[in-house]
Amino acid sequence: MKKQSRALRFLKNLIYALIIPVGMWAVFAIASGGRTASAIMLITTLRQCVMPSIICYGLMLNMSVGMMNFAAGGMMLCACIVGGNLAKAAGMGIPGLVFFCVLICLIEGVIVGALYRVMHVPSIVLTIGMMLLWEALPKVFYTEGLNLTADYTYLTRSPYCFFVLAVCLIAFYVIYNKTAFGHNLRAIGNNQAIANSVGLDSDKIKFLSYVLGAAFLGIGAVLYASSNGEIRNVSSLGSMSIMFDGFMGMFIAMFIAQFCDMSFAVVFGVFTMKMLSNGFVALGMSSTVRDIVQGGILLVLMIISANAGIFEKIKANKAFRQECNDLYLKSK
Amino acid sequence: MKKFLAFVLAGVMTFTLAGCGGTDSSPSSDSQTAEEAVSDKASPDNSGETAGTSEIYFAPGELTIADASELPRYKIAFSYYAFTDKLGLQFKAAIQYLCDAYNCEAIFYEFGSTTDDQVTNTEAVLAAGDVDGLIFVGATPSVVAVAQKYNVPYVAVCGFPSLEEEIQSLPGYECFLGAVVDDDVWAGNQAMQALYDAGSRNTCLSGATQGLVKSHDDRAKAYRDYIASHDDMNSLTESYTMMETANDISTFAASFAGIIDGIFFTAGSDAIYLTMETEGITGGDVKIAAVDISSQTGTYLQDGTQVWTCGGQYGTAEMGFAVLYSYLADGTRLIDDVTEPVTRQYLEIANYDDYMTYCKYVESDIPAYTADEIAAYIPYFTNGVTIADYEAEAVNYSLDSLSSRRQ
Amino acid sequence: MGKELLLSAKGVNKSFGATRALIDVDVEINRGEIRGLIGENGSGKSTFSSIVAGALKEDSGTFVLKGAAYHPQSMVDAQAHGVSMIIQEMGTIGGITVASNIFAGRLEQFRRFGLLDWKRINASADIILADIGAPEIKGTMMIDQLNFEDRKIVEIARAMSTDPDLLIIDETTTALATKGRTLIYKLIEIMHEKDKAVLFISHDLDELMEICNTITVLRDGVIIDTLDRESMSVELMRNLMVGRELIGSYYRDDFDGSVSDEVVLEASHISLRPYFKNINIKVHKGEILGLGGLSDCGMHEIGKVLFGIEKPLTGEVRLVQSGRKVTGSVMAVENAMAYVSKDRDKESVILSSSIESNIVLPAIRNMKHKGTGYISKKKEKMLADKQIAAMSIKCRNGKQLVKELSGGNKQKVVFSKWLGTDSDVLILDCPTRGIDVGVKADMYKLMMELKRQGKAIIMISEELLELIGMSDRIMLFKDGRFTGELQRSQDLDEKVVIDYII
Amino acid sequence: MTDNSLVRHGDINEVIQAELERKSTRKETLSIIVPYFGLIFIILFFTFVTGGTFAGLDNLGNLINQGFVLCMIAIGSSFVYAHGGMDFSIGAVSGVAQLVCGSMILKGAPLWLCFVMTIAVCVAGACCTSGITLQLGVPIFIGSMCVRTSFQGILKTFCQKSDIAINYESYNFMNNVAIKAVILIVSILIGYYLFNYTVTGKYNKALGGNMRTAEQAGVNRKKWIFIAYILMGICVGIASIFAFFRTGKVTSYSGNGYEFNIMMAIALGGFPMAGGEKSKISSAIIGALTVTCLTNGLGLWGLDATLISGVKGALFVIIVALSYDRSAGKLVN
């Protein structure tokens with residue numbers, strides 16, 4: 001009995017969680033005369049979700065403690081170019097790529113985290129500064145950026161990329177739900193003052209959140225490197241566009257997370273973003289139109305989540321008012 | 001804590017600053033890699049380390065017709081949108097090569113993404129003082145105005161305004177010597193023609209964001225015009241997100257599976273080939289044409305995936321140098337009507353053999369024009385040079401003429 | 001009784017910025033002892049307890065716990081040594097479960113193969129809750145489902161979950177209604193029986209008299225005296241705390257509850273979900289109207305509605321003279337109304353700002369030059385200094401930040417901010433909550449002064465004595481409606497009042 | 001005994017008390033002057049490495065030209081940051097405003113009308129952002145991000161086929177340094193007045209310090225926050241006008257990055273991100289000047305082009321590390 005109701009609730013939530021991504025997909029499927037409904041389109045879109053999702057995991061760890069990481073794009077870029085070139089120099093192939101990218105991202109994460117810990121300036125401020133730094137650093141060593149050969153690209157091809165995503169998803173799920181760290185994150189995110197006074201070392205946890213986040217970004221960097229093959233250095237703020245899908249996806253994810261676990265919500269959220277852009281391409285519209293709509297749709301979602309339960313409140317108030325007035329009239 | 005912080009940052013700083021020295025590479029150290037690069041050129045189809053990734057560098061040029069040390073030491077500034085990709089470095093190397101040969105001092109700076117950056121950075125460089133000439137990629141009036149303010153002669157290369165308002169205001173600037181540009185419209189047109197001949201009818205465009213680099217905008221325009229002028233051609237979609245070429249391709253391939261049969265890239269890069277391989281659409285029904293050569297181009301020209309490409313733009317920059325130097329040397333203004341840029345051909349590469357020739361001559365350690373060849377376009381060294389000679393070379397510039405010059 | 005020393009502190013010093021909270025404090029607590037710690041706000045008792053509990057670091061001084069040197073790095077570390085604390089206004093962490101609240105910061109101890117074992121966490125949470133006598137709360141509940149009272153209990157559970165030798169209770173009872181109080185008293189008893197110690201901090205002197213067997217008095221960071229059962233008396237304690245003679249009661253001494261029949265503020269059948277329905281209130285010129293009830297009976301919300309912070313669902317609040325309807329706090333202030341919130345730090349003062357800008361905030365609207373809107377710094381400073389002097393606020397100067405002040409002085413700032421606008425209707429929600437007798441007395445004097453000036457005062461309070469002592473008329477509130485209205489009179493005492501509210 | 005113990009404490013007290021007082025005051029003054037040091041240091045440094053060119057009269061003109069936009073926006077933004085708000089959309093909005101300005105001029109509309117419209121667009125943008133937060137309760141961070149995305153989309157869609165450019169030299173007078181300097185100084189004075197001597201600034205600071213308290217003290221939250229955004233909109237509008245005439249054209253990159261530059265400026269000036277009492281319009285302006293000097297100086301210095309932004313980032317982090325008010329301690333996000 002209880003079990004069943006549990007199952008029902010789970011089903012209900014699952015449906016809620018899927019409404020947005022699936023709805024998005026359906027809309028475009030119809031609009032494009034079924035072209036986006038094709039299996040290949042779906043797989044491609046999913047494949048394109050992999051990297052942003054992983055970035056999103058990285059950002060989410062910071063977001064849970066209420067911190068932003070604008071440097072994410074720059075960190076990835078730096079890791080790609082430096083790590084990729086090191087891997088090539090060492091001739092270690094994909095394992096080398098993974099090793100160096102993640103390693104470098106970790107180092108970057110440690111630096112950013114340490115700086116935050118020492119300086120205690122708002123993360124937005126710090127990370128904007130660091131973004132410029134990480135963007136410039138690879139230029140010193142590899143002015144030309146990175147050129148990878150085909151044998152480095154397997155990780156982005158399906159099915160391998162989905163394995164990668166699965167691994168990251170599980171890793172995030174465990175960190176977020178099954179470790180003390182994950183819960184401390186949320187505790188601090190919800191009320192840092194109290195969390196501190198009950199003895200949570202928020203500095204340490206924030207530092208860790210940067211480092212662990214960086215690990216995810218490192219994986220993201222690997223995928224970015226191997227999907228593009230040729231990575232060029234960018235000038236100021238150029239790296240924002242790398243993290244943008246993951247960044248925007250994160251907000252949708254936070255909205256969906258009330259129905260299902262964050263680790264899945266992230267994928268759904270990113271999928272929504274990707275579906276949006278691909279849908280417009282499939283409709284033959286230019287990529288620029290999508291930005292306008294993207295902002296709009298995101299805004300609508302945010303408005304909904306910001307005003308969650310407002311209708312219930314209004315209804316309840318209405319009833320209450322009615323009741324009171326009746327009583328009042330009776331008393332007269 | 002403060003100490004630790006200061007230490008970390010000081011480290012980072014010195015690191016970065018050290019880099020400044022590091023990147024202005026002194027020839028002696030690089031000649032090694034250059035030779036490797038050349039040896040690679042011999043067999044570009046082994047898709048490994050090739051032009052794409054090796055240091056771009058030209059062996060120091062010798063000016064035989066005059067004693068360089070006799071020549072006055074001019075300080076010449078060259079600006080490009082970024083010296084962080086292959087093309088940018090080719091430009092840099094070419095200008096460096098000429099400046100060395102002509103006993104000039106070269107300084108390089110990037111203009112960022114926004115026009116405001118272009119103005120700001122130019123102001124900064126010119127304000128620093130004693131710059132004798134400026135070679136700038138593109139000719140935005142506001143930038144020219146800066147040169148005018150510091151009255152530094154200005155030559156535009158590889159990019160010229162297409163809007164009447166801008167073109168009209170150019171003659172007003174004393175310092176503006178005119179422009180030497182590549183025929184990007186032609187390039188775009190050729191590319192589309194090649195796709196058309198290869199049987200492509202439903203094509204997509206992947207271009208750079210409008211307003212970043214003039215030449216890309218022209219190529220995109222040519223694409224749109226070509227589609228418009230051919231009823232049997234159909235543009236499926238246009239994407240203007242340069243950072244995400246890979247993404248574009250996979251989306252194209254997915255959303256138009258079975259329909260799409262041609263893609264035009266305003267900028268070629270290895271990302272294209274890798275992604276196409278990932279998507280499994282190489283060597284098949286989808287043909288591509290792209291401006292610019294990258295390390296993998298040979299391979300895909302060979303297997304027929306790529307039907308057309310072109311390159312060699314930096315030759316244009318060299319011509320720009322010639323125009324500037326002519327003025328510096330004896331005040332000759334070669335281009336009378338500055339609203340009419342000298343429009344040069346690209347080196348067109350329609351097949352693998354062309355590509356081999358291209359690598360042999362253009363991506364070797366000798367630039368498209370040697371110091372002496374450039375001298376032939378400077379009245380100071382060669383009497384009776386007029387703009388007509390430039391015009392002639394502009395249309396004559398091709399792989400054939402290049403190889404004949406190298407014989 | 002075998003006096004076994006549990007904790008001893010020697011020469012403890014601590015200062016915040018320029019204010020010295022503790023000066024060479026020596027304290028010794030024996031096993032089985034229930035030690036009361038009293039003193040005015042800012043006398044440093046909370047500082048001392050926080051240091052013992054590891055929440056603060058002392059500047060100098062030595063601690064010995066159970067015979068070993070003791071220097072807690074954090075509250076967790078302190079708990080490991082067997083010292084834990086229940087803090088006055090700490091609260092719980094929203095958005096997570098009761099269990100993770102109880103074990104916040106100590107979840108690591110429940111690892112199984114490196115992962116958290118939620119079954120065990122929830123189970124042990126339930127056990128603890130049952131032990132302290134609140135079995136109806138379950139570890140799996142989301143904290144946000146619980147009401148204020150139960151959340152406090154969760155905090156207590158958090159403190160008890162480490163089975164401490166020394167339990168510090170810092171002014172917790174003031175925030176609790178009967179349920180929580182009884183629960184705490186029971187805990188104290190248990191501690192006593194188990195021959196452990198309790199450090200009990202409270203402003204409620206009678207409460208202290210009842211439960212403590214020793215009481216230490218602090219003033220301005222210095223230990224004044226330590227009394228044992230025999231020498232204890234409320235009078236003595238008061239005088240020691242304040243450092244001067246406080247003759248008799250500090251409430252008003254007249255018993256004339258008559259006021260002019262001119263109504264100033266009138267609320268007719270106002271309702272607010274889910275607190276109350278169709279209630280009517282009239283306040284007269286020069287009247288002190290007391291609203292009494294239990295902390296969660298909804299009377300605080302009445303205050304909010306009267307001031308227009310909360311919109312009533314039915315009826316309206318009206319200023320009778322002008323006939324204006326109170327539509328919101330802005331309008332209220334413009335019409336010379338004032339509101340002192342129950343939650344001082346969160347709602348009444350800007351902690352990060354200077355005393356001056358706090359005081360002038362409501363007044364500047366009247367100080368600005370009509371045409372240009374220019375506000376002269378001189379005027380501001382004058383007003384602020386005038387109020388600081390009038391209220392004798394303890395501070396370096398007007399530029400000092402409010403967060404550096406003690407509770408009592410903060411409250412003075414709040415009052416002076418409203419006196420600066422000279423308001424006609426004052427709504428005071430727990431005006432003396434958590435402030436010491438000295439300031440209390442001043443506050444009451446002030447209220448009487450205002451009454452004389454013919455201001456109307458609505459005093460919402462949880463302290464019955466205060467209500468009886470000060471109000472001309474007391475309206476008692478219980479689950480959403482008024483249960484009684486009492487005129488001021490000699491023979492009014494707690495027993496009479498309490499029946500109306502429980 | 002209690003008494004003499006008190007006496008004993010008494011005299012020691014005074015000594016220690018005095019010492020502590022001195023410390024705290026010293027700390028306060030330091031936190032006030034450090035940002036100025038940052039600026040002065042940078043000026044001296046670049047004057048030194050560029051052999052005086054940096055401080056030269058000629059470069060001063062450049063500085064005004066380059067700094068105008070940032071300073072202008074800084075003035076407006078300080079009101080928004082004072083109540084703890086922020087706005088990621090200003091860059092995109094300014095871009096669209098320049099687009100409108102440009103296309104109107106091409107249509108031959110009178111200049112004054114173009115100016116009015118440009119400012120109107122920016123104000124409208126500000127209304128969007130603030131409206132979303134105030135009326136619909138969306139966090140400003142996300143809200144302005146959405147507005148940013150949409151406005152960028154608009155700009156790109158219109159600039160996709162071709163840029164918009166005017167005949168540059170026929171509008172040269174719009175680049176007159178003197179005019180800019182005058183406008184800038186006037187706006188700074190007005191801003192300073194509004195911020196320090198009227199309720200506009202005071203209420204926004206109060207709101208930044210504690211929303212609830214301010215509201216209960218009779219501050220109309222929505223009204224004053226809205227006004228703050230409007231003020232910023234106006235400033236961004238004026239900035240956009242001159243930004244447009246400086247380049248004479250609109251591309252899809254116009255206005256790109258303003259939002260981040262202003263954040264840098266705000267931080268460099270030691271302006272607390274959370275707003276409140278410590279907010280000072282002067283620090284916003286100081287910050288803007290610092291950023292401008294940084295960019296210009298690094299350019300003059302002739303540092304390798306590829307690294308300028310990196311060095312900028314590093315210096316930024318260093319100065320912020322030294323000048324930023326850390327009273328929030330661990331609690332800062």
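Author: Domain bounds come from an automatic or database domain assignment. This is a predicted model, in which local features need pLDDT of at least 70 and side-chain atom pairs count only at pLDDT 80 or more, while totals for chains, interfaces and linings use all residues. Residues are numbered from 1 along each chain as its sequence is written, and chains are lettered from A and ligands numbered from 1 in the order in which they are written.

Reader: Which domains does the assignment of chain C give?

Author: Domain 1 covers 5–242, domain 2 covers 249–336 + 423–438 + 451–502, and domain 3 covers 345–422. Between the C-alpha centres of domain 1 and domain 3 of chain C there are 34 Å.

Reader: How many helices and strands are there in chain C?

Author: Helices (H or I, at least four residues) and strands (E, at least two) are DSSP runs, numbered from the N terminus. Chain C has 18 helices and 22 strands. The radius of gyration is taken over C-alpha atoms, and the globule rule is 2.2 Å times the number of residues to the power 0.38. For the 502 residues of chain C the rule gives 23 Å and the radius is 24 Å, which is close, so chain C is as compact as a globular protein of that length. Its C-alpha trace spans about 70 × 55 × 45 Å along the principal axes.

Reader: What does chain A come to in helices and strands?

Author: Chain A comes to 13 helices and 2 strands. Its C-alpha atoms fill a box of roughly 90 × 60 × 45 Å along the principal axes.

Reader: What share of the residues in chain C is buried?

Author: A residue is buried if 20 or more other C-beta atoms, placed from the backbone, lie within 10 Å of its own C-beta atom. In chain C, buried residues are 51% of the 502; in chain A, 61% of the 332 residues count as buried.

Reader: Which chains have the most contacts between them?

Author: Two residues are in contact if their C-beta atoms, placed from the backbone, lie within 7 Å. Of the 5 pairs of chains that touch, A and D have the most contacts. Chains B and C have no contact, and their closest C-alpha atoms lie 18 Å apart.

Reader: How many residues of chain B are in contact with chain D?

Author: On chain B there are 44, in contact with 40 residues of chain D. Elements of chain B giving two or more residues to this side include α1 (2–23) and β2 (105–110).

Conventions
Buried ≥ 20, exposed ≤ 12 C-beta atoms within 10 Å, placed from the backbone.
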